[in-house]
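Subject: Handing over the structure, with notes

Dear colleague,

I am passing on the structure that we talked about, and my notes come after it. Please have the sequence and the model open side by side while you read.

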Amino acid sequence: MGVKGAAIATVIGQALTFVMSMTYLFRAKNFKINKKSVHLEASILSRIISIGMASLIVQLSIVVIIAVNNNLLSKYGYETFASTGVAFGSVIPLAVVGIVMKVFGIVVSIVIGISLGGQPIIGFNMGAGNVERVNETIRTITKIVLAIGTVFFLIFEFAPDFVISLFGKNNSPEYTEYARLCVRIFLSGIILTCFIKSAAIMLQSLGKSGKSTLLALLRDVIVFVPSSIILALISHNIVTMLWASLISDVISFIFAVAFIMAETRKITQELSI
C-alpha cells in the first residue's frame with residue numbers, strides 16, 4: 001500500500017499502544033487510579049521531572065540528530081559520488097538515513113525497555129541497603145544489553161543487505177551502495193551505544209539524574225552534532241560524516257563506564273558502613 005499503508009500502520013500502532021496502556025493503568029493489581037491520583041503536587045512533580053529528564057532527552061535527541069543530518073545530507077549529497085560515478089544527491093541519503101535511524105531507534109528501544117525493567121529492582125534494593133543485589137542487577141543488565149548490541153553489530157556489519165531489504169527491494173546501485181555504508185559505519189558502534197543508553201537509565205535508578213542527563217546529551221548532542229558538522233564541512237562528503245556516530249559512541253562510552261564504576265563504588269562504600 002506504499003506510503004498510505006505506512007500511515008495506516010502508524011495509526012494502528014498508536015491506537016493499540018494507547019489501549020494497552022489504558023488497560024494496564026485501570027486494571028493494575030497493585031494500585032488504583034482515581035481523582036486524587038491526577039492531583040499535581042509540586043514536590044513530587046519536581047522529582048519526577050528531574051529523574052525523567054534523561055529519558056526525555058534521549059527521545060528528543062533523535063529529532064535533533066535527524067534535523068542536523070538532513071541538512072548536511074541535502075547540502076553535500078550532490079558533492080559525494082558513488083562508485084558508479086553518479087552523485088548520491090539528496091533523496092537517496094535522506095531516505096537511507098531515515099531507515100537507519102528507524103533501525104537505530106528499534107535497538108535503543110529494546111535496550112531502554114530492559115534497563116527500565118531493572119529500575120525498580122535497583123531502587124528497591126538501594127532503599128533496603130542491599131548493595132550486592134544492586135550491583136548484581138547492574139551487572140546483569142549490562143551483560144544483557146551488551147549481548148543485544150553484539151547481535152545487532154554482527155547483523156549490521158555482515159548482513160547490511162538484509163537490513164536494507166526490510167524496507168524495500170529493487171533499489172538503484174547508488175541507493176544500495178550508500179545504504180550499505182550507512183548501516184556499517186553509522187551503526188558500527190551499536191555495542192557501545194547499547195551500554196551508553198543503558199548506563200543513562202541505571203544512573204537514573206541510582207538517583208544520579210544529573211549524570212544521567214549529561215550522558216544522554218553527550219552522546220546524541222554534545223559530541224555527535226558538532227562531529228557531524230565538522231566532518232561534513234572538512235570533507236564535503238556524506239560518507240565521511242557518518243563516522244561522527246562512532247566518534248560520539250567511543251567518547252560517551254568512556255564517560256559511561258567512568259560514571260557507572262564511580263557510582264557503584266560509592267554505593268558500596270556508603271551502604272557498607
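The notes below go from the whole chain to single residues.

First, a word on how to read the values: this is a predicted model, in which local features need pLDDT of at least 70 and side-chain atom pairs count only at pLDDT 80 or more, while totals for chains, interfaces and linings use all residues. Residues are numbered from 1 along each chain as its sequence is written, and side-chain values use heavy atoms, with hydrogens and water left out.

The whole chain

The protein chain holds 9 helices and 0 strands, where helices (H or I, at least four residues) and strands (E, at least two) are DSSP runs numbered from the N terminus. Taken along the principal axes, the C-alpha atoms fill a box of roughly 65 × 40 × 35 Å. Of the 273 residues in the chain, 40% are buried; here buried means under 20% relative accessible area, exposed means over 50%, and partly exposed lies in between, with a 1.4 Å probe and protein chains only.

The accessible surface comes to about 14,800 Å², and 70% of that surface belongs to carbon and sulfur atoms; such areas come from the Shrake-Rupley method with a 1.4 Å probe, and for residues only the protein chains shown count as cover. If one looks at contacts (heavy atoms within 4.5 Å) between residues at least 6 apart in sequence, 75% of them join residues at least 24 apart. The chain also carries 21 positive and 12 negative side chains, and the centres of these two sets lie 12 Å apart. For that count, Lys and Arg are positive and Asp and Glu are negative, whereas His and the chain ends are not counted; the place of a charge is NZ of Lys, CZ of Arg, CG of Asp or CD of Glu.

Which side chain makes a polar contact with the side chain of Asp220? The partner is Lys197, at 2.4 Å. A polar contact here is a pair of N or O atoms within 3.5 Å; within protein, one must be able to donate a hydrogen and the other to accept it, and residues adjacent in sequence count only if both atoms are side-chain atoms. Not counting residues up to four places away in sequence, Asp220 touches Ser61, Ile65, Lys197 and Val225.

Ser61 lies in helix 2 and is buried as well, at 1% relative accessibility. Although Ser61 and Asp220 are 159 residues apart in sequence, their C-alpha atoms are 5.8 Å apart in space. When neighbours within four places in sequence are left aside, Ser61 is in contact with Asp220 and Val221.

Leu217 is also found in helix 8, but at 29% relative accessibility Leu217 counts as partly exposed. Leaving aside neighbours within four places in sequence, Leu217 is in contact with Ile57 and Ile222.

Ala42 belongs to helix 2 (residues 42-76) and is exposed, at 65% relative accessibility. Ala42 and Val97 are 55 residues apart in sequence, and their C-alpha atoms are 41 Å apart in space.

The cysteines

How many disulfides are there by the distance rule? The count comes to 0, where a disulfide is a pair of cysteine sulfur atoms within 2.5 Å. The sulfur of Cys182 is 17 Å from the closest cysteine sulfur, in Cys194, and so it is too far away for a bond. Both cysteines are buried, with Cys182 at 1% relative accessibility and Cys194 at 2%.

Two residues with a positive phi

Most residues other than glycine have a negative phi. Asn170 is not a glycine, yet has a positive phi of about 55 degrees; Asn170 lies in the loop between helix 5 (160-165) and helix 6 (173-186) and is exposed, with a relative accessible area of 82%. His236, which is not a glycine either, also has a positive phi of about 55 degrees. This histidine, His236, lies in the loop between helix 8 (209-235) and helix 9 (244-272), and with a relative accessible area of 33% His236 is partly exposed.
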